[in-house]
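Dear colleague,

My findings follow it, and I would be grateful if you read them with the coordinates open.

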Amino acid sequence: GLIETQTSAKDAERSKPHPDIFEAALRKLGKMKKSEVVVVGDSPYDAKAAKRAGLRSIGLLSGGFKRSQLKHAGASEIYSDPADLLERFDRSIFVRNDVKGK
């Protein structure tokens, strides 16, 4: 129930760190404002692409990149893995900054 739509490489002309895939997702979401969207990714390329699309992002260390790399690329918050994000979800950017999925 958390996913409203999906995109794939077919929806983007260029790959990350270009923002194409996130811009395609925004088009598919239509009604959502950029301030309501948070990208969750596990690489600096995800964070850079999100930033270039005007979106905030959460970085996950499970992708093998260092905390400093994710932070430098623009991740607003960093968690060990999806389970860590889920455990601390109520204190995350999703809740603190009034980002609502629906």
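Three strands make up an open sheet in the order β1-β2-β3, with parallel pairing. Please note that this is a predicted model. The edges of the sheet are formed by β1 (38-41) and β3 (77-79), each of which pairs on one side only. On average, neighbouring strands of this sheet are turned by 20° against each other, direction ignored.

The pairing of β1 with β2 may be examined in detail. Strand β2 covers residues 56-60, and its parallel pairing with β1 runs over four bridges. For V39, the bridge partner in β2 is S57.

The buried residues in α1 are D20, I21, F22, A24, A25, L26 and L29. Among the elements that cover them are β1 and α2 (44-52). The residue that follows α1 is G30, which has a positive phi, near 60°.

The salt bridges come next; the count in this model is five. Three of them deserve a description here, beginning with the pair K28 and D11.

K28 and D11 form a salt bridge in which the closest N and O atoms are 3.4 Å apart. This pair links distant parts of the chain, since K28 belongs to helix α1 while D11 lies in the segment before α1, 17 residues apart. Are these two residues buried, partly exposed or exposed? K28 has a relative accessibility of 42% and therefore counts as partly exposed. D11, at 29% relative accessibility, is likewise classed as partly exposed.

Helix α1 also contributes D20, one of its buried residues. The side chain of D20 meets that of R14 in a salt bridge, at 3.0 Å from N to O. D20 counts as buried because its relative accessibility is 10%, and the cut-off for that class is under 20%. R14, in contrast, has a relative accessible area of 41% and is partly exposed.

A further salt bridge joins the side chains of R88 and D84, again with a value of 3.0 Å from N to O. Here R88 is partly exposed, with a relative accessible area of 30%, whereas D84 is buried, with a relative accessible area of 15%.

L86, F89 and V95 make a nonpolar surface patch of about 280 Å². Where does F89 lie? F89 is found in the loop between α4 (82-87) and α5 (93-96). Its relative accessibility is 36%, so F89 counts as partly exposed.

With kind regards

Definitions and conventions:
Residues numbered from 1 in each chain as written. Predicted model: local features only at pLDDT ≥ 70, side-chain atom pairs only at ≥ 80, totals over all residues. Heavy atoms only, no water. Pairing = 2+ DSSP bridges. Helix = DSSP H or I, 4+ residues; strand = E, 2+ residues; numbered from the N terminus. Axes fitted to C-alpha atoms, helices over the stretch in contact; angles between N-to-C directions. Buried < 20%, exposed > 50% of the residue type's maximum accessible area, 1.4 Å probe, protein only. Contact = heavy atoms within 4.5 Å. Patch = residues over 30% accessible without salt bridge, like charges linked within 9 Å, V, L, I, M, F, W, Y side chains within 5 Å. Areas by Shrake-Rupley, 256 points an atom, 1.4 Å probe, with all protein chains shown as cover. Salt bridge = Lys/Arg side-chain N within 4 Å of Asp/Glu carboxyl O.
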